[in-house]
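Dear colleague,

Please find below the structure that I am handing over to you. My notes on it follow directly after.

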Amino acid sequence: MNHSLHITTQRLELLPCSLKVAQAVVAKNKSEVERLLGVRVPDEWYASEVLDFFPIYAQMLINDPSQLGWGVWLMIHIADSTLIGDLGFGGKPDEQGTTEMGYEVISAYRQQGFAFEAVEALVNFAFTQPELQRIISDSPDNHVASIRILEKLGMQEINRDENLIKWELKLGSR
């Protein structure tokens, strides 16, 4: 992925999570994470679903440093200098040019457009990478806010299974 890895939107900074930050998260060393990022990290962020992925993500970066940018990105609220969520991909695109995307925002910052702002910026950036052809994502079929974000991005529903909807966005389809 392109090495100018820093995205700024109107209200957010998006930073790919470095190996050092990932290791501090895995070690549950909040003060080190805050020191490395230079922002406040709310306790609630440590309850996010992505934390289970951090040990895997850290190992991905150790095994292949070029995974930086194809994993976890951190969502920083500029005005508050606070980590308010995370988003990103499950790894580099596969042979067909596909990667999976996810995102999460802590409760105090939900329903204010931050998730869409961040996801749209990251998707736009990701599609400038020549190896990416398609992004997929899953959402629970009852999670109205997430469905709205994916639809607003231009994602198309491709499958429904149990209580989960699978979405895709192809290069050039927006």
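Predicted model: local features only at pLDDT ≥ 70, side-chain atom pairs only at ≥ 80, totals over all residues.

Which residue in E8 is the bridge partner of arginine 134? The partner is lysine 170.

Residues are numbered from 1 along each chain as its sequence is written, and side-chain values use heavy atoms, with hydrogens and water left out.

The sheet

Eight strands form an open sheet in the order E1-E2-E3-E4-E5-E6-E8-E7, with mixed pairing; two strands pair if DSSP finds at least two bridges between them. Strand E1 (7–8) and E7 stand at the edges with a single partner strand each, so one side of each has no neighbour in the sheet. E6 and E8 run antiparallel and are joined by seven bridges. Five bridges join E4 to E5, also antiparallel, and there glycine 88 stands opposite glycine 102 in E5. E7 and E8 likewise pair in the antiparallel sense, over five bridges, with aspartate 161 facing leucine 164 in E8 as its bridge partner.

Positive phi values

The hairpin of E7 and E8 has two residues between the strands, and glutamate 162 takes a positive phi near 55° there. Glutamate 162 is exposed, with a relative accessible area of 75%; exposed means over 50%, buried under 20% and partly exposed in between, using a 1.4 Å probe and protein chains only. Serine 81 also has a positive phi, of about 50°, although it is not a glycine. Serine 81 is placed in the loop between strand E3 (72–77) and strand E4 (82–89) and counts as partly exposed because its relative accessibility is 32%. For context, most residues other than glycine have a negative phi.

The core and helix H4

The largest nonpolar core has 58 residues, and among those with the most contacts inside it are Leu14, Trp45 and Leu74. Such a core is a set of buried Ala, Val, Leu, Ile, Met, Phe, Trp, Tyr and Cys residues joined through side-chain atoms within 4.5 Å. Helix H4 (residues 114–126) gives the most to this core, with 10 residues. H4 lies across E1, strand E2 (12–16), E3, E4, E5, strand E6 (134–140) and E8, at about 40° to E4; axes are lines fitted to C-alpha atoms, for helices over the stretch in contact, and angles run from 0 to 180 degrees between N-to-C directions. Leaving aside neighbours within four places in sequence, leucine 74 is in contact (heavy atoms within 4.5 Å) with residues including Leu14, Val21, Leu37 and Trp45.

Two side chains

Threonine 99 belongs to strand E5 (residues 98–105) and counts as buried because its relative accessibility is 3%. A polar atom of the threonine 99 side chain lies 2.6 Å from the backbone oxygen of glycine 91.

Lysine 30, in helix H2 (residues 30–37), counts as partly exposed because its relative accessibility is 26%. A polar atom of the lysine 30 side chain lies 3.1 Å from the backbone oxygen of valine 41. The C-alpha atoms of lysine 30 and glycine 85 are separated by 15 Å, at 55 residues apart along the chain.

With kind regards

How values were computed: Helix = DSSP H or I, 4+ residues; strand = E, 2+ residues; numbered from the N terminus. Polar contact = N/O pair within 3.5 Å; in protein donor to acceptor, adjacent residues only side chain to side chain.
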